[in-house]
Amino acid sequence: MKKDILVADGGSTKCAWALLRADGSREYATAPGVNPSLLGLDEVAGALRGGLAPLATDGVGEVRFYGAGCAGEGARRMEEALRGLFPGASVEVASDLLGAARALFGDGSGVACILGTGSNSGYYENGAITRNVRPMGFILGDEGSGASIGRVVLNQYFKGWLDEATRRDFEREFPGLTYDEVVCRVYREPAANRFLASFAPFAAAHMSDSRLAARVRGCFEAFVSESLAAYPADAPVGFAGSLAAAFAPMLRGLLPGRELTFVPSPLEPLAEYHQGVCDSLRGLK
């Protein structure tokens with residue numbers, strides 16, 4: 001008997017779910033992000049349960065979860081939580097980078113990049129990530145990420161370098177935001193990376209501010225020089241995430257002549273990928 005397939009694209013900020021029904025229909029849900037490297041087993045299970053509440057998952061026979069923090073102990077914790085929620089189901093837990101690569105290239109090959117709250121990259125071939133430059137997190141690395149861009153926005157605002165129109169827009173969009181609050185949110189409270197990344201959309205909407213644009217461009221230049229330079233120069237490059245899509249013109253300018261693909265959300269192509277794999281195994285293709 002055919003079983004439903006549950007596919008997840010889990011980032012640090014949000015987790016998107018697709019339920020692929022055996023009858024060919026699909027259902028979707030979005031919930032806050034779940035990073036198993038930062039949470040205990042009970043917290044992970046509770047977050048998953050809450051995120052899945054809108055979906056009727058009684059018929060799930062396969063779970064494919066791609067997420068931030070899903071490596072090493074984090075992957076084991078996520079798998080344990082999912083097996084507890086779906087006893088008897090086939091469960092696969094993999095990194096969000098592998099999910100991005102499958103969404104971008106399917107069964108092909110290329111350099112897969114994630115530009116979201118954090119950043120990551122890897123060379124994908126034969127269905128696996130065969131080379132990866134460590135992203136190092138938002139304090140030590142994550143060049144080109146939402147967190148790095150948000151850091152630029154806050155730096156420019158509080159140091160007084162935003163132009164007058166951009167400064168007024170900032171104060172309208174973030175009324176009452178103080179230096180002390182920013183320091184507290186970044187250095188003393190959890191999820192500082194999410195807080196910083198929340199300012200990236202503001203940057204994307206204010207690229208007419210030449211100094212801000214130059215600083216944001218520097219974030220992407222660092223990503224290109226510190227990460228992309230490690231991979232084959234003739235390989236196609238794919239970017240997953242809404243942040244990359246928002247800054248696509250700038251990225252194209254930094255990578256002239258390269259074959260570039262942008263996927264704002266990996267979930268739908270991942271659903272297509274797993275539907276295709278499942279149909280192939282059933283002999284339907």
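This is a predicted model: local features need pLDDT of at least 70, side-chain atom pairs count only at pLDDT 80 or more; totals for chains, interfaces and linings use all residues.
## Basis

Local features need pLDDT of at least 70 and side-chain atom pairs pLDDT 80 or more, while totals for chains, interfaces and linings use all residues. Numbering starts from 1 along each chain as its sequence is written, and side-chain values use heavy atoms, without hydrogens or water.

## Aromatic pairs

Rings of Phe, Tyr and Trp (its six-membered ring) pair if their centres lie within 6.5 Å; planes under 30 degrees apart are stacked, over 60 edge-to-face, the rest tilted. The count is 13 aromatic pairs. Phe 170 and Phe 199 form a stacked one, at 6.1 Å centre to centre and 15° between the planes. This pair links distant parts of the chain, 29 residues apart: Phe 170 is in helix H6 (residues 164-173), and Phe 199 is in the loop between helix H8 (192-197) and helix H9 (200-204). Helices are DSSP runs (H or I, at least four residues), numbered from the N terminus.

Phe 170 and Phe 199 are both buried (under 20% relative accessible area, 1.4 Å probe, protein chains only). Ring pairs join them in a cluster that includes Tyr 157, Phe 158 and Phe 174.

## Nonpolar cores

A nonpolar core is a set of buried Ala, Val, Leu, Ile, Met, Phe, Trp, Tyr and Cys residues joined through side-chain atoms within 4.5 Å. The largest has 43 residues; Phe 170 and Phe 239 are among those touching the most other members. Another core, of 24 residues, lies apart from it and includes Leu 19 and Leu 52.

## Ser 148

Ser 148 lies in helix H5 (residues 146-158). Its relative accessible area is 4%, so Ser 148 is buried. Contacts (heavy atoms within 4.5 Å) include Asp 142 and Cys 219, not counting residues up to four places away in sequence.

Notes
Helices (H or I, at least four residues) and strands (E, at least two) are DSSP runs, numbered from the N terminus. Buried means under 20% relative accessible area, exposed over 50%, partly exposed in between (1.4 Å probe, protein chains only).
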